[in-house]
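Biologist: Before we go through this chain together, could you show me how its features are to be read?

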Amino acid sequence: MMETENAKKILLVEDDKGISEFLICELNHEGFTTVLAETGRQALEKFESENPDLILLDGGKGHVSAVRMLMDTLGEEIPVFGLVKDGAHRTNGVTDSEQI
């Protein structure tokens, strides 16, 4: 995790170590602060303790919709994006909470 003063903070929810290491490296390189959670429980804990500006999760519309509903229930106005997979479970797009 890289800390940069005034950097936007992204909560990355990803259980694949290779993918998370790649994304963290790229996001940090672009000037973002990243916080990793590997499970849903960790994501909730990190959300509460880290106060991220955006949530990026391993999952498509169903996952994004579930997290968006939780954020709405909590009264949180935070963007939620998901990594969309193809039939071979390769990331081939991004979906956001506005597309739900």
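**Reading the fold and its cores**

Modeller: From the N terminus on, the elements run β-α-β-α-β-α-β-β, where helices (H or I, at least four residues) and strands (E, at least two) are DSSP runs numbered from the N terminus. This is a predicted model, in which local features need pLDDT of at least 70 and side-chain atom pairs count only at pLDDT 80 or more, while totals for chains, interfaces and linings use all residues. Residues are numbered from 1 along each chain as its sequence is written, and side-chain values use heavy atoms, with hydrogens and water left out.

Biologist: Which residues make up the largest nonpolar core?

Modeller: In soluble globular proteins, nonpolar side chains tend to be buried together. A nonpolar core is a set of buried Ala, Val, Leu, Ile, Met, Phe, Trp, Tyr and Cys residues joined through side-chain atoms within 4.5 Å; buried means under 20% relative accessible area, exposed over 50%, and partly exposed in between, with a 1.4 Å probe and protein chains only. Here the largest core has 12 residues: Leu-11, Val-13, Val-35, Ala-37, Ala-43, Phe-47, Ile-55, Leu-57, Val-64, Met-71, Ile-78 and Val-80. Two or more of these residues come from each of strand 1 (9–13), strand 2 (33–37), helix 2, strand 3 (54–58) and helix 3 (61–73). Apart from this core lies another, of seven residues, including Leu-12, Ile-24, Leu-27 and Leu-56.

Biologist: What does Phe-47 touch?

Modeller: A contact means heavy atoms within 4.5 Å. Not counting residues up to four places away in sequence, Phe-47 touches Leu-11, Pro-52, Ile-55, Met-71, Glu-76 and Ile-78.

Biologist: Is Leu-44 buried or partly exposed?

Modeller: Leu-44, in helix 2 (residues 40–50), counts as partly exposed because its relative accessibility is 41%.
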